[in-house]
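Hi,

Here is the structure I promised to pass on. My notes on its helix packing and its core follow below.

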Amino acid sequence: RGGGGGSRSATGPSSDRFVEDWMPSGSKGGGRPAAGGNKGTAAGQDAEARRRARAKRHESLYRPKFGEDELGFDIYNCPNRPPEGYPRAWTAEEVLTSWNPTEVTTIEGHRDVFQGICVFDYQTQYETALRYRNSEVPFIIRNNPTVDATVARWDDPRYLLEEFGNSEMYRTERSPTNQFIWFKLGKHESESTEMPPNDEVKMHYPEFVERALMKDGKALGDGDLINQSRAMKERRLADDRGERLPDDDDDRFPLDLGPEDKKEDNFYYFRFNADLPHAGEPSTGGHHSFIYNEVPIFDPTDPSESEFYMVEPKQQRGINCRFGMRGVTAANHFDMSRNMIAILGGERRYVIGSPAECSRMALYPRGHISVRHSAVKWHDPESWEEHPEFKEAMISEVVMRAGDVLYLPTAWFHYIINLSFNYQCNARSGTTYENQQHIEDCGFDM
């Protein structure tokens, strides 16, 4: 079970697993997929070998800076209940100076990770993880065979290319820089509002893969990945899809028809949302059904798979998938619901903070188009000087690998750095109010 990038330093698909002459042949149809190969079969043994190689590589590159003596607990063998002061945290200045968010390539040696949250094994530490979940504190849970089976399937790039293909376009965020921040247009927008650099376009999934491979290839000096990206680009230009598909739907999301050299410099964030009403309709199910079949841990109608992850099943509002490319960052913010976040390929670095740190996060206020998001640029120490309180905000971090699921309680802050081409899907399930006072003292309603 499992998947991953083998021994290469790239954390996306390794070049020998990419199919340069891939062409779409239609989707695979409905039904829950097979588990991805029994460990006794050749396919299962291959998947298990890749899972072990990925874990070994991850553990050699990203090491917790502090051990049991400093933290008061072993993050891989945590106490039965959250200890006092859990999770551990350090100042933003200390964490971000140690590892600037712009640094997304591997280095000689390893990265020190200011990790203050526990990592649980789904098969051997389930009950302890459940107590932490019920205590509404963050943690990582891994080694769930269902999640690892999805990772194994998605590790073969043909699998998602066949599903998403060239027949449909998807909303994809685009930016000339690697900095992305959510914003909402409408009544709060004014001529004096400084607009974020990112916008949204429509894009075929293979074109996103093309761009993500190029980012990995250039960062790592990997000629195979660069050549694969260029081969996909040549096929795309030969297909001339921009001419063959009319741009006649929502004008807010135009085709990405800029110069090719500009596209190569841009950063992109592929997105897809699935919901149960569409998944249950034969005429509209399509990719909605595919995502629910692939990520059953977020399916509230299947408690045998989702009971741990969907705390309030009736409050589940869909599955949100975001596929990232190396270097993309998502601005620090908090959400008004609990969240389970699964990494199904590649790696992401999550920097998190308690709602108690709200007053130090330099948030855009109510009425701003990027409400609940940090105004301070986390990668830029000069920006910290404009908000000196931010340097004292207490935060921690974790590097997630394929198969990891992060539990993030209501209103917890999170800043996201994509360390490679990666796949993430998440789902929310209800709201809790233990931190309501912190949020309201910051000027926000719950």
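The model is predicted, so local features need pLDDT of at least 70 and side-chain atom pairs count only at pLDDT 80 or more, while totals for chains, interfaces and linings use all residues. Residues are numbered from 1 along each chain as its sequence is written, and side-chain values use heavy atoms, without hydrogens and water.

Helices H7 (residues 205-220) and H8 (residues 223-239) have axes that come within 8 Å and cross at roughly 155° (helices are DSSP runs of H or I, at least four residues, and strands of E, at least two, numbered from the N terminus; axes are lines fitted to C-alpha atoms over the stretch in contact, with angles from 0 to 180 degrees between N-to-C directions). H7 and H8 are therefore roughly antiparallel to each other. Their contact (heavy atoms within 4.5 Å) includes Leu213 and Met214 of H7 and Leu225 and Met232 of H8.

The axes of H6 (residues 157-164) and H7 come within 9 Å and cross at roughly 145°. Here Leu160, Leu161 and Phe164 of H6 meet Tyr205, Pro206 and Val209 of H7.

Tyr205 is also among the residues with the most contacts inside the largest nonpolar core, which has 107 residues (a set of buried Ala, Val, Leu, Ile, Met, Phe, Trp, Tyr and Cys joined through side-chain atoms within 4.5 Å; buried means under 20% relative accessible area with a 1.4 Å probe, protein chains only). Strand S9 (residues 267-274) gives the most to this core, with six residues.

Best wishes

Definitions and conventions: Angles under 35 degrees count as roughly parallel, over 145 as roughly antiparallel, 65 to 115 as roughly perpendicular and the rest as oblique. Buried means under 20% relative accessible area, exposed over 50%, partly exposed in between (1.4 Å probe, protein chains only).
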